[in-house]
Amino acid sequence: MASVHARYADLTVLGQVDPDNPIGASDLPEQVILGSGRPVIVVPYAGKFKRIGQRVMVAWNASREATRAVNDALPILERAASVRIVSVNPEDGPSWGHGAIPGADISLHLARHGVRVEAETINADDVRVDDALLSRAFDVGADLIVMGAYGHSRLGEFVLGGATRHILRQITIPVLMSH
């Protein structure tokens, strides 16, 4: 039912599920993100967040979902003091959507909207991509992560692991996700 209500809102804000008290809502953020078609900000269950959106990190993999998240976050990005595009272990070649330099095309797109943006590529072969993103967000002092949410079957998520699910369980700063 929450996903249906979220379809008629510009933005939905949900709290991260407390792992010590997951009664009845353990998948709610994921269900709303994947089922509403609207952007969702998930706020960690621990911590205080007086302001978000001043130092934004965009997790960029050139996917449809990442593109959607950037578009949905555009009003926030336009007002941010800094925006950092981070690509972790990007696949080579334009067929993956990155163009010649990962992060360059989306940076140019955002610059056309007046967004002050930096782009970087991280090669993290020995660390999960989602862990590398969370670590980098901490390192740069980001107060919001913007990323696409990828959804697939529960069996596929069990076999492949779920970056979306992992991020939602491990966040220490708010994250805006779109699917």
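I take helices (H or I, at least four residues) and strands (E, at least two) as DSSP runs, numbered from the N terminus. With that settled, I looked up what follows α4: G114 comes there, with a positive phi near 80°.

The model is predicted, and I note that local features need pLDDT of at least 70, side-chain atom pairs count only at pLDDT 80 or more, and totals for chains, interfaces and linings use all residues. Residues are numbered from 1 along each chain as its sequence is written, and side-chain values use heavy atoms, with hydrogens and water left out.

Entry: the whole chain. I found seven helices and seven strands in the protein chain. From the N terminus, their order is α-β-α-β-β-α-β-α-β-α-β-α-α-β. I then looked up burial, where buried means under 20% relative accessible area, exposed over 50%, and partly exposed in between (1.4 Å probe, protein chains only). Of the 179 residues in the protein chain, 42% count as buried.

Entry: helix α4. Which residues of α4 (residues 104-112) are buried? They are I106, S107 and L110. They lie on the same side of α4, because they cover an arc of only 105° around the axis; the arc is that of the directions from the helix axis to the C-beta atoms. An α-helix has 3.6 residues a turn, so residues three or four places apart point the same way. I listed the packing partners of the buried residues of α4 as α3 (64-79), β4 (82-88) and β5 (117-122), where contact means heavy atoms within 4.5 Å.

Entry: helix α5. In α5 (residues 129-139), I found D130, A132, L133, L134 and A137 buried. The buried residues of α5 pack against β3 (55-59), β4, β6 (144-148) and α7 (163-170). Just after α5, G141 has a positive phi of about 70°.

Entry: the cores. A nonpolar core is a set of buried Ala, Val, Leu, Ile, Met, Phe, Trp, Tyr and Cys residues joined through side-chain atoms within 4.5 Å. The largest one has 26 residues, of which V175 and M177 touch the most other members. Its largest share, four residues, comes from α5. Leaving aside neighbours within four places in sequence, M177 is in contact with residues including I33, V40, M147 and L168. Apart from this core lies another, of 20 residues, among them W60, V83, I85 and V146.

Entry: Y8. Is Y8 buried or exposed? Y8 is exposed, with a relative accessible area of 71%, and sits in the loop between α1 (2-6) and β1 (12-15).
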